Amino acid sequence: MTTVETKISCYHCGNDCADESLVVEDKNFCCNGCKTVYEILQENNLCTYYDLNQNAGVSLKAKNFNGKFDYLKEPSIQTQLLDFQSDTINKVTFHIPAIHCSSCVWLLENFNKILEGVTSARLNFLKKDLSVSYNPTKVSLLEIVELLATLGYEPAINLQSTENQPTKNKVQRRLILQIGVVGFCMGNIMLFSFPDYFKLDLSNVVDATYQKFFLYLNFVLSLPVFFFGASDYLKGAWISMRENLKNSASVLSVDIPIALGISALFIRSSYETFVNHSSGYWDSLAGLVFFLLAGKWVQQVTYNYLSFERNYKSYFPLAVKVIVPHSRGRGVRATGDVYKNIAELQKNDIIEIHHQELIPADAILISGRGLIDYSFVTGESEPVEKEIGDLIYAGGRQLGDNIELAVQKTVSQSYLTELWNNDAFKKEKRIPTTELANAFSKYFTFVTIAIAVFTGIYWQLYQPDLVWTTVTAVLMVACPCALTLSMPFTMNTTMGIFGKNKFYVKNQGVIQLLTEVDEIVFDKTGTLTENKKGEIHYEGEALTIQELEMIWQISEQSLHPMSQMIAQSIRQQTEKRIDKAKITYFNEVKGMGIEGIIDNNFIRIGSRDFIETFRDGSESGQVLVEINHLYKGFFTLKPNYRKNWQSVLLKLRNTFKLSLLSGDNNSEKSTLKPFFELNRLKFNQKPQDKLNFIKYEQEVGNHVLMIGDGLNDAGALRQSNVGIALSEDIQAFSPACDAILDASKFAQLTDFMQFSKIALNIVKASFMLSLVYNFIGLGWAVSGKLSPVMAAIFMPLSSLSVVLFAVGLTYVFAKLKKLI
C-alpha cells in the first residue's frame with residue numbers, strides 16, 4: 001500500500017505546516033506568528049484581508065524582535081525619522097518592501113483600526129511607502145513599528161532613511177505646470193481660430209469685431225506659451241550661443257534650432273496680428289511648445305519607485321546600542337545604555353551587536369565569539385571566524401551570539417565606505433542621447449540658417465515683399481520638433497517594454513549605452529548562481545531512514561538557513577515517513593551547530609569546532625554529522641546556477657568578450673572554465689580589484705557592461721559603462737547601478753541587448769522620416785505659399801506621425817522578439 005502524504009498549507013502565508021500544525025477555527029497555521037496575525041485581524045474585524053487574496057500574508061516564523069527596535073525609544077532617533085512632530089500629532093513615512101498585493105494595500109490602509117492612537121495610514125503602492133499619522137500620547141513609534149513587523153510588514157529603517165526625506169521634485173512639478181498652462185492656452189487659441197479654419201463670412205460688423213477681439217486674445221494667450229512654456233528652450237539656446245562665443249564650448253545645443261523656430265513663430269505671428277490684422281501662427285506656436293513639453297515629460301518619467309543610486313547607507317542600520325561605561329574602571333557599566341545613530345559613532349565607542357545584525361563600522365572584537373558573514377560585501381560565501389582582539393570590517397553580519405566591539409573608525413572612514421570615495425562615484429556618466437542630439441543640431445542649425453539666408457537673398461532680388469514672409473517661414477518649418485520627439489518616445493516605449501519584462505533601466509541614455517557594449521563582466525555569487533540557494537550533498541557513511549529522520553527533526557528546529565536546507569533536502573529524499581519521535585533535548589549554539597536527543601540517540605550537526613569526533617581534512621563550509629558520539633559524514637552546499645545560464649553565456653560569447661570577477665574562492669573554476677578565457681576568470685577579487693579590472697579594460701578601448709548583485713560590486717558597477725544590478729527582489733537593497741534586472745529574467749539578457757540596438761535603429765529611421773517632412777515643409781516655406789492654416793495642419797501632423805511611426809515600429813519589433 002502506498003501512503004500519500006497530504007500537505008497542509010498555512011491559512012495566512014501559504015507555507016507548508018509542520019505535523020503539529022496550529023489550528024484556530026479549522027484554519028491551519030505554520031507558526032505562532034501567523035496565528036497571532038490572524039487573531040489580531042479577527043479581533044478587529046479585518047479578515048476581509050484573506051478574501052482579497054488567498055494566503056496573502058508573509059511568513060512570520062522567527063518573529064522574535066529581542067529589542068531589535070529599542071533604538072526607536074530615543075527622542076533624537078525619532079526626530080531624524082519623523083516628517084512632522086508636535087504634542088498631539090506625529091507623521092512618519094516608512095518604506096515597506098514586503099508589500100506585494102491588494103490585500104497588503106487594504107490591510108495597511110486600515111492600520112488605524114488595529115492600533116489605537118494611529119489616526120491615518122496612506123500607502124503609495126508603487127514606491128511601497130506607508131505614511132502614518134499618530135498621536136504620540138496614545139501610541140509610540142516603537143509600538144507602531146513592532147506591530148507592522150508582527151503583521152509581516154517590517155519597515156526598512158536604515159541610515160539613508162534619515163538623509164533622504166521625501167521632497168517635492170520641483171523640476172518635474174514645474175514641467176507639469178508648464179504643460180498644463182500651455183495646454184490650456186493651446187486649446188483656447190484653437191477655439192478662437194475656428195473662423196479662420198472654416199473661412200467664415202466676417203462681413204457682418206459684429207462678427208468682424210469679435211474676430212478682431214479674438215486675434216488680440218490669442219496674442220495674450222500666447223504670452224505665457226512663449227515666455228513660460230518655451231522659456232527653458234530659449235534659455236538653453238542663449239547659454240549655448242554664449243558659451244560658443246566665449247570658446248568654452250564647441251557644440252551647438254539642440255535648443256538653438258528649436259528656439260529659432262519658436263522665436264520666428266512668435267515674431268511673425270505678432271507682425272501678422274498687429275500689422276496685417278490676420279490670425280498669424282499662434283495655434284502652431286502653442287501646439288509646437290505643447291508637444292515639445294510632452295516629449296520632455298515622457299523623457300523624464302521613468303521607474304521613480306525604484307532606486308538606482310543606492311549605496312552602503314541603504315544597507316546599514318539606522319542606530320546601534322552603545323554601552324556607556326559607568327567609570328573608567330574596566331568592566332563596570334551603567335544601567336542606562338544608549339542608542340546612537342551610526343553616523344555619530346566615535347572611535348573607542350563600545351557597541352553591542354546581536355545575532356543577524358550588521359557591523360556598522362570597523363571595530364575590534366572585545367567580547368564574545370564572532371562568526372561574520374561577508375558575502376554581500378566581499379562575495380565570499382563562507383562565514384569568517386573572529387576571536388577577541390581581531391579586527392572586524394564594517395558591512396559584515398554576525399551569525400553567532402551577541403558580541404561587543406570597540407569602534408576603531410567612524411562609519412565615514414571605514415573600509416567599506418572607502419569604496420564610495422573612489423573617483424568612479426564622483427563623476428557623472430555621459431548621456432549619449434544628448435550627444436547624438438547635439439551632434440545633429442550642429443549641422444541642422446547651420447543648414448537651416450543657410451537656407452533662410454539664400455531664400456532671403458533670392459526673394460530680395462526677384463520679389464522683395466516676400467523676403468520677410470519666406471525667411472520666417474523657413475525658420476518656423478525647420479524647427480526639429482518631430483526629430484527631437486522621436487528619441488524620447490521611442491526610448492520610453494522601449495523602457496516600458498523592458499519594464500514589462502522586469503528589466504528596469506535608469507534613463508533613456510542607458511539603452512543607447514547598451515548598444516555600444518563590447519565586453520560583459522559577471523560576478524558569480526548571486527549573479528550566475530542563485531542567492532542563498534543550492535543543492536545539499538551528503539558524503540560519508542550511509543545513513544539509515546531512521547537516522548535521516550532524526551537529522552531532519554533536529555535540523556527543522558533551527559532557523560539557520562543551512563539547517564533548513566538540510567531538513568528540506570532530507571524531506572524530499574525520503575518517500576516513506578515514520579512517526580515523529582519526541583525530542584527530549586535540543587540546543588543551538590549560534591554560529592557553531594545544533595544538538596539534541598531523540599529516542600535516547602544523541603545527534604550533533606555543525607562545524608568542525610562543534611563536532612568532537614571530526615576527522616582531519618574536513619573543510620570550511622562542510623556541516624558535519626555525529627550520532628551517539630560517532631562521526632558519520634558531512635553535508636555540503638553546491639550552488640544552484642540560474643536557469644539557462646549556460647545558453648546565455650554561449651550566446652553572449654559569440655558577440656562579446658566575457659569575464660568573471662568573483663570574491664568567492666575558485667571551487668567552481670572547473671564548472672565555469674568552458675565559458676571564459678583563463679585570464680578572464682578571476683577569483684578572490686576584492687571590490688577594488690573589480691573596479692581596477694574594469695578601469696583597465698576601458699583604458700584599452702573596451703565598452704564594459706558589469707552585472708553584479710552585492711556591495712562588493714558597487715565600485716565596478718559605477719566604473720563600468722553600464723552597470724546592471726541583478727536582484728531577486730527589485731525593492732530590496734541593490735547597489736548603485738544603471739539598470740535593475742529581476743533574477744527571474746536572467747535568461748532574457750541577450751534579448752534585451754539585441755532589442756536595444758533595434759530601438760536605436762528605429763530612432764535613426766524616425767530621424768530620416770522627420771527630415772522628409774522638413775524638406776516638404778521647406779519647399780512650401782521657400783516658395784512663400786505656407787499659409788497659417790497649412791502650418792497649423794502640417795506642423796502638428798508631422799510631429800504626430802513621427803511619434804506614431806517610432807512607437808508603432810517599436811511595438812512591432814517587440815512583438816516579433818516575443819517581448820510582449
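Colleague: What makes helix α18 (residues 508–516) and helix α26 (residues 749–783) a crossing pair in this predicted model?

Modeller: Their axes come within 8 Å and cross at roughly 110°.

Colleague: Why are α18 and α26 called roughly perpendicular?

Modeller: The crossing angle is roughly 110°. Angles from 65 to 115 degrees count as roughly perpendicular, and therefore α18 and α26 are roughly perpendicular to each other.

Colleague: Which residues make that contact?

Modeller: On α18 they are Ile511, Gln512, Leu514 and Thr515; on α26 they are Met753, Ser756, Lys757, Ala759 and Leu760.

Colleague: Ala759 also turns up beside Thr490. Where is Thr490 found?

Modeller: Thr490 is found in helix α17, which covers residues 481–500.

Colleague: Why is Thr490 called buried?

Modeller: Its relative accessible area is 0%. Buried means under 20%, so Thr490 is buried.

Colleague: With which residues is Thr490 in contact, leaving aside its neighbours within four places in sequence?

Modeller: With Ala759, Ile762, Val763, Ser766, Ala806 and Thr810.

Colleague: Turning to another helix pair, why are α9 and α10 called oblique?

Modeller: The axes of α9 (residues 231–245) and α10 (residues 255–276) cross at roughly 125°. Roughly perpendicular ends at 115 and roughly antiparallel begins over 145, with the rest counted as oblique. The two helices are therefore oblique to each other.

Colleague: How close do those axes come, and is the crossing left-handed or right-handed?

Modeller: They come within 8 Å, and α9 passes α10 in a left-handed crossing. In α9, Asp232, Tyr233, Leu234, Gly236, Ala237, Ser240 and Met241 meet Asp255, Ile256, Ile258, Ala259 and Ser263 in α10.

Colleague: Which strands form the four-strand sheet, and what is their order?

Modeller: It is an open antiparallel sheet in the order β3-β4-β6-β5. Its edge strands are β3 (82–85) and β5 (118–124), each pairing on one side only. Neighbouring strands are turned by 15° against each other on average, direction ignored.

Colleague: How do you know that β4 and β6 pair?

Modeller: Six bridges join β4 (residues 90–95) to β6 (residues 129–134), and the two run antiparallel. The cut-off is at least two bridges, so six bridges make β4 and β6 a pair. In β6, the bridge partner of Lys91 is Ser133.

Colleague: Which helix lies across β4, β5 and β6?

Modeller: Helix α5 (residues 141–150), which runs at about 30° to β4.

Colleague: Finally, the chain as a whole. How many helices and strands are there, and what share of residues is buried?

Modeller: The chain has 27 helices and 28 strands. Buried residues make up 51% of its 820 residues. Of the contacts between residues at least 6 apart in sequence, 68% join residues at least 24 apart.

Notes: Residues numbered from 1 in each chain as written. Predicted model: local features only at pLDDT ≥ 70, side-chain atom pairs only at ≥ 80, totals over all residues. Heavy atoms only, no water. Buried < 20%, exposed > 50% of the residue type's maximum accessible area, 1.4 Å probe, protein only. Contact = heavy atoms within 4.5 Å. Axes fitted to C-alpha atoms, helices over the stretch in contact; angles between N-to-C directions. Parallel < 35°, antiparallel > 145°, perpendicular 65-115°, else oblique. Left-handed = near helix turned anticlockwise from the far one by under 90°.
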